[in-house]
Amino acid sequence: MTDHLPETTDVPAVHASQRRDLRLDACRGLALWFIFIDHIPDNALSWLTLRNYGFSDTSEVFVFVSGYTCMLAYGGALREQGWLTTAVRALRRGWEIYAAFLVLLIAYFALAWIIGGGDRYLDETNTAIFFHDPGATIVHVLALQFAPVNTDILLTFAILHLTFPGLLWLMTRSATATLGLSFLLYLMVQIFNWHVPAWPSGELYFNPFAWQFLFVIGAWYAFEGTSRLRPILQSRTLLILAIVYLLFSLVVALSWQFKALDGLMPAAVTNLIYPIYKSHLAPVRLLHFLSLALAVSRLAPPEWHGPLRPLMMAMIRCGENSLSMYCLGVLLSLIATSSWSNCPQASPCSLPSAWSGLLS
Amino acid sequence: MQLAVSMVGIAVMILAATLLTWESRFDRRGPRLF
């Protein structure tokens, strides 16, 4: 049985053969390095990462790029291979993320046990509950209700990919209405605090009802937004507004570290923007990311034919293998954390000692 | 020290990613083993 579509079927204009935009891979690669650095507590290098210079951080980059690339990949495949093949491919990718999450957790529990000797790092990594009640924890891990520290985003990614065939179907019916529905769901989170419960308490850290909006924005942009938004995105006024907002965000973010800047913010403004709740993708974070994306897309050349420098190539390589690199980064950040907490004076012995602990 | 540890971590990620990309070139459809 073939599931190829007739030529007249209304499917996206994106094509699988479309040239890969290396800027996306480079962005993802850089985001992966930033995530690794940010996952190490008290790391001075985290001054290099986005989170100190604005409301949003690399999580937004990841989710948006994911929605965009999903639409490029599956939307393009839809015309050439039909619904059945496309849906199966999307579900398979969702399954891969789910499987990667499970494998990562096994490695994470083992690593936390090895470097902590069974009693340290259990609270910091949120793995204590596993060692106290492994049976119940495994059941809730399988049900996507529990994730140790720094692995939470994979739960939301698995959900987003598993629901992508439905999103694609809705997009082919009406992309604008789909974006509207997604925004409505996002609003429900902001107004009525809709969330997905986690185990043993609380809610999923990356609320799928909220973060889906950024994912859908990415998918919508690849689907039809590129052409529809082109006149707006070329607007000089919009670019200036985006830069002003980025500067405002920069001052606020710096005020979290430098108390002297705190007084610069009028109370009316701080009352308006706080709390900035990452779990629910607070509107100020969303707006910051969109401003950043606009500024980058305007200022970075879309077609790059020049020689790829080694650093850029390294970012692209990591971006091409984002799922594996994310998982590896989580484990490496745990090793790095232990490496200098074992040696409070940060002597050069710390790194070898962490590695030898692993190998012993 | 923090710089060194972070750089080592990123270097490991780059090495692993390069290996994965290199390995994927050999990824061809073959017979189903099970």
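**Exercise 1. Find what share of the contacts in chain A, between residues at least 6 apart in sequence, joins residues at least 24 apart.**

Step 1: Two residues are in contact if their C-beta atoms, placed from the backbone, lie within 7 Å.

Step 2: read off the share. Among contacts in chain A between residues at least 6 apart in sequence, 73% link residues at least 24 apart.

Step 3: keep the source in mind. This is a predicted model, in which local features need pLDDT of at least 70 and side-chain atom pairs count only at pLDDT 80 or more, while totals for chains, interfaces and linings use all residues. Residues are numbered from 1 along each chain as its sequence is written, and chains are lettered from A and ligands numbered from 1 in the order in which they are written.

**Exercise 2. Describe the secondary structure of chain A and state what percentage of its residues is buried.**

Step 1: count the elements. Chain A has 14 helices and zero strands; helices (H or I, at least four residues) and strands (E, at least two) are DSSP runs, numbered from the N terminus.

Step 2: turn to burial. A residue is buried if 20 or more other C-beta atoms lie within 10 Å of its own, exposed if 12 or fewer, and partly exposed in between, with C-beta atoms placed from the backbone. Of the 360 residues in chain A, 41% are buried.

**Exercise 3. Work out which residues of α6(A) are buried, and which exposed residues sit on the face turned away from them.**

Step 1: locate the helix. α6 of chain A spans residues 164–173, and F164(A), P165(A), L167(A), L168(A) and M171(A) are buried in it.

Step 2: look down the axis. These residues cover an arc of only 160 degrees, so they lie on the same side of α6(A); the arc is that of the directions from the helix axis to the C-beta atoms.

Step 3: check the other face. Turned away from the buried side, it carries the exposed residues G166(A) and R173(A).

Step 4: find the cover. Helices over the buried residues of α6(A) include α2 (58–116), α5 (152–162), α7 (175–192) and α8 (208–233) of chain A.

**Exercise 4. Characterise how α2(A) packs with α8(A) and with α5(A).**

Step 1: Two packed helices are described by the angle between their axes and the distance between the axes. Axes are lines fitted to C-alpha atoms, for helices over the stretch in contact, and angles run from 0 to 180 degrees between N-to-C directions.

Step 2: take α8(A). Its axis and that of α2(A) come within 7 Å and cross at roughly 40 degrees. The two helices are therefore oblique to each other, given that angles under 35 degrees count as roughly parallel, over 145 as roughly antiparallel, 65 to 115 as roughly perpendicular and the rest as oblique.

Step 3: The contact of α2(A) with α8(A) has 16 nonpolar, four polar and one charged residues. Here Ala, Val, Leu, Ile, Met, Phe, Trp, Tyr, Cys and Pro count as nonpolar, Asp, Glu, Lys and Arg as charged, and the others, Gly among them, as polar.

Step 4: take α5(A). The axes of α2(A) and α5(A) come within 7 Å and cross at roughly 15 degrees, and the pair is therefore roughly parallel. The residues of this contact divide into twelve nonpolar, four polar and one charged.

**Exercise 5. Describe the contact between chain B and chain A.**

Step 1: count the residues. 17 residues of chain B touch 25 residues of chain A.

Step 2: sort the chain B side. Its residues divide into twelve nonpolar, five polar and no charged.
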